[in-house]
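Dear colleague,

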Amino acid sequence: MGSITLINNETGDKFDFDLIDCTRGPKAVDFSKLFETTGIFSYDPGYSSTAGCKSTISFIDGKKGELLYKGVAIQELVDKYKFTDVCKFLISDSLPQNDTDSLEFDLELRHRSFLHEKLKRMFDVFPDRAHPMATLSALVSVLATLYVDHKEIVNEEGYQTMARRIIAKIPTMVAYCYRNSVGAPFIEPDVSKSYVENFLYMLRGYPHGRMKYNRDGEQEISALEVEALDKILTLHADHGQNASTTTVRNVASTGVHPYAAISSGISALWGPAHGGANEKVLRQLSEIGDVKNVDKFIEKAKDKNDPFRLMGFGHRVYKSYDPRAKTLKKIKDELDKKGIKMDTHLSEIAQKVEEVALKDDYFKERGLYPNVDFYSGIILTALKIPVELFTPIFVMGRMPGWCAQLIEHNKNPHARITRPRQVYLGK
Ligand code: ACO
């Protein structure tokens, strides 16, 4: 630990503040007593220089393009573990020791994946064209009315039940949002199917446990598709104190029901500056329409008088590259090789956008690289996922991270209600 001295140049007063050593990354200055000691507070819109909590869940080195969950590199988790293993790791600290261990957690999720009958009836009130992110946020709030045990969530068992229940139910909710929007009957979860396979089944299945038929017979969900979606979910599982996670923590800090806090996180994720970008990327690539138009759109993105931004580019923390985007590109190329064809037209446009932007001084000087949302849409399209479900799939991926962060926040005896100050400039 060291210290830092702050000098008020108006009065000459000097104040010492402790530095906090982080286990990885730069030190932080402890300004929690800044106002009490100096009568001055800090101004940091967007919180680029401010930590709101101490956390042990994920670590990002923006310069190196490194992401770790609980000290383990994201690439290792993607290569060696299933998404449900990563969920367990995030919410309860241990990775499965063997296949039985891994299956046990998946089985628990399968059995918890059914929705309360009252919740299913709620879908009727949403118009057909309701965006699934709005529906999801509302339905997760409703969970707080159906599971009223949050006051008892003060022990490990309570936290685990809260987290496992919502991680299990969220794929069912996402699938039902889609089926409701197209007027298709709900397909109940199938406990014989793994977490990701079950999701694809509820999305694409036909009544009585059948899949689509064509001349070759019944079209099963391929192991390749399951594996690709599983990896995508793992890549989204946690990401430090991003906007939606900070929202979950802020709302949780008022002592509200955990599902109310998570519902707020879903709303925060919806925005195009955050998780909503994956849907916008695909729509933007379609709007560009042809590789020959890429230069024109790049110029638009650079024009300060034009609000147009290149979706899927740039990140608050990553300034060299986003490791998740790199892994996604690898998944995309592997799927392509193994026969799950990407939309070649969109792929070519995306490739060209990346190529032109990465050579352009505007993007280089500002450290703007493809982020996690740039390639995920192209892969999800190849997996026959409708575009309006892209951000809901991000919700499925981020759910264990939100739960882990909420548990960490609620277990911290020193946690206080979030209450920043303001620089008042009014009358
Ligand atoms: N296209 C064009 N210019 C951009 C872009 C972009 N995608 N992103 C940032 N810039 C420019 C800004 O105009 C600004 O330029 P200036 O210095 O000349 O004013 C500079 O780069 C810095 O941008 P900020 O907005 O200050 O960066 P910030 O860290 O606040 O924003 C963000 C990060 C929101 C991700 C931004 O890069 C963006 O809007 N990207 C597009 C949306 C997107 O892909 N979001 C997904 C992010 S990943 C996730 O949340 C899951």
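At what angle do helix 7 and helix 11 pack, and how far apart are their axes? Please note that this is a predicted model. In it, helix 7 (residues 156-181) packs against helix 11 (residues 258-270) at an angle of about 45°, and the two axes lie 11 Å apart. Helix 7 is therefore oblique to helix 11. The crossing of these two helices is right-handed. On the side of helix 7, the contact is formed by Thr161, Met162, Arg165 and Ile166; helix 11 contributes Pro258, Tyr259 and Ile262.

Concerning the overall arrangement, the protein is divided into three parts: domain 1 (3-51), domain 2 (82-273 + 393-411) and domain 3 (277-382). Taken over C-alpha atoms, the centres of domain 1 and domain 2 are separated by 39 Å.

I also examined Ile340. This residue is located in the loop between helix 14 (323-337) and helix 15 (344-359). Is Ile340 buried or exposed? Its relative accessibility is 13%, and because buried means under 20%, Ile340 counts as buried. Leaving aside residues up to four places away in sequence, Ile340 touches Ser222, Leu224, Glu225, Leu335 and Ala382. Asp18, by contrast, is 322 residues from Ile340 along the chain, and the C-alpha atoms of these two residues are 55 Å apart.

Yours sincerely

Key: Residues numbered from 1 in each chain as written. Predicted model: local features only at pLDDT ≥ 70, side-chain atom pairs only at ≥ 80, totals over all residues. Heavy atoms only, no water. Domains from an automatic or database assignment. Helix = DSSP H or I, 4+ residues; strand = E, 2+ residues; numbered from the N terminus. Buried < 20%, exposed > 50% of the residue type's maximum accessible area, 1.4 Å probe, protein only. Contact = heavy atoms within 4.5 Å. Axes fitted to C-alpha atoms, helices over the stretch in contact; angles between N-to-C directions. Parallel < 35°, antiparallel > 145°, perpendicular 65-115°, else oblique. Left-handed = near helix turned anticlockwise from the far one by under 90°.
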